[in-house]
Amino acid sequence: MWWKFIVEVTNEYKILRGMLSYSALWPIGSLIQQTFEGKRLHTYDWERCLRYSLYGTFVSAPMLYTWMRCANIMWPRTDFRSSLAKAFTEQAAYDPFAIVLFFYGMSILERKTQQQAGDEAKDKFWDTYKVGFFYWPVVQTVNFSLIKPKNQIIVAGFFSLIWTTFLAYNKSSKKPQQILQAA
């Protein structure tokens with residue numbers, strides 16, 4: 001009964017579909033990354049998971065939903081050429097903003113100063129963008145060309161779990177210059 005209600009509401013308000021998905025996928029990505037760090041149930045950083053859930057739910061999902069709506073308006077066809085155009089436009093216009101906002105926003109949620117948040121975004125942007133430059137165009141070309149628009153945010157969410165795990169890794173890693181400064 002409650003499942004039918006959720007389906008009806010998410011069909012009516014499609015943005016909620018992505019927000020519900022990302023409220024779980026983003027903290028799961030953090031948990032996967034923490035597991036790779038060697039943490040287990042009793043040592044997971046649950047506050048970090050909460051930050052990822054908040055960010056995924058209220059920042060990433062609405063932003064991605066809006067981008068996908070705009071992309072589907074600009075390129076309404078679902079052929080391979082239009083899908084490729086959407087994917088590379090996303091890589092050039094959306095992804096740089098999303099990456100900077102992730103590092104900056106998550107740092108602010110960690111109660112870092114604006115200067116620290118900006119420095120982290122600047123330090124980690126290019127390495128992250130280079131990986132995304134090869135990952136997301138492939139994912140989104142397939143997504144835009146083979147998946148119905150109403151389900152594109154969910155498919156992107158699945159691949160976002162892999163991406164979020166990578167982002168969580170980058171977020172928690174220290175670059176050599178950060179290690180030197182900490183010493």
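Modeller: Gladly. A residue is called buried when its relative accessible area is under 20%, exposed when over 50%, and partly exposed in between. By that rule, Lys 171 and Glu 120 are both buried. Keep in mind that this is a predicted model.

Biologist: What makes Lys 171 and Glu 120 a salt bridge?

Modeller: The cut-off is a side-chain nitrogen of Lys or Arg within 4 Å of a carboxyl oxygen of Asp or Glu. For Lys 171 and Glu 120 the closest N and O atoms are 2.7 Å apart, so the pair counts as a salt bridge. Lys 171 belongs to helix H6 (residues 149-172) and Glu 120 to helix H5, so this pair ties together parts that are 51 residues apart in sequence.

Biologist: How do you know that Asp 127 and Lys 130 form a salt bridge?

Modeller: Their closest N and O atoms are 3.7 Å apart, and the limit is 4 Å, so the pair qualifies. Asp 127 and Lys 130 are separated by about one helical turn because they are three residues apart in helix H5.

Biologist: Why is Lys 130 called partly exposed?

Modeller: Lys 130 has a relative accessible area of 48%. Exposed would need over 50% and buried under 20%, so Lys 130 falls in between. Asp 127, with 37%, is partly exposed as well.

Biologist: And why is Phe 80 called exposed?

Modeller: Phe 80, found in helix H4, has 54% relative accessibility, and the label starts over 50%, so Phe 80 is exposed.

Biologist: Which residues gather in the positive patch?

Modeller: Lys 14, Arg 69, Lys 148 and Lys 150 do, on the surface. Lys 14 sits in helix H2 (residues 14-37). With 37% relative accessibility, Lys 14 is partly exposed, and a patch member needs over 30%, so its value passes.

Biologist: How many salt bridges does the structure hold?

Modeller: Ten. Glu 110, Lys 112, Glu 120, Lys 124 and Lys 171 are linked in a network of them. One of its pairs is Glu 110 with Lys 112, at 3.3 Å, N to O.

Note on methods:
Residues numbered from 1 in each chain as written. Predicted model: local features only at pLDDT ≥ 70, side-chain atom pairs only at ≥ 80, totals over all residues. Heavy atoms only, no water. Patch = residues over 30% accessible without salt bridge, like charges linked within 9 Å, V, L, I, M, F, W, Y side chains within 5 Å. Areas by Shrake-Rupley, 256 points an atom, 1.4 Å probe, with all protein chains shown as cover. Lys, Arg positive; Asp, Glu negative; His and termini not counted. Charge placed at Lys NZ, Arg CZ, Asp CG, Glu CD. Helix = DSSP H or I, 4+ residues; strand = E, 2+ residues; numbered from the N terminus. Buried < 20%, exposed > 50% of the residue type's maximum accessible area, 1.4 Å probe, protein only.
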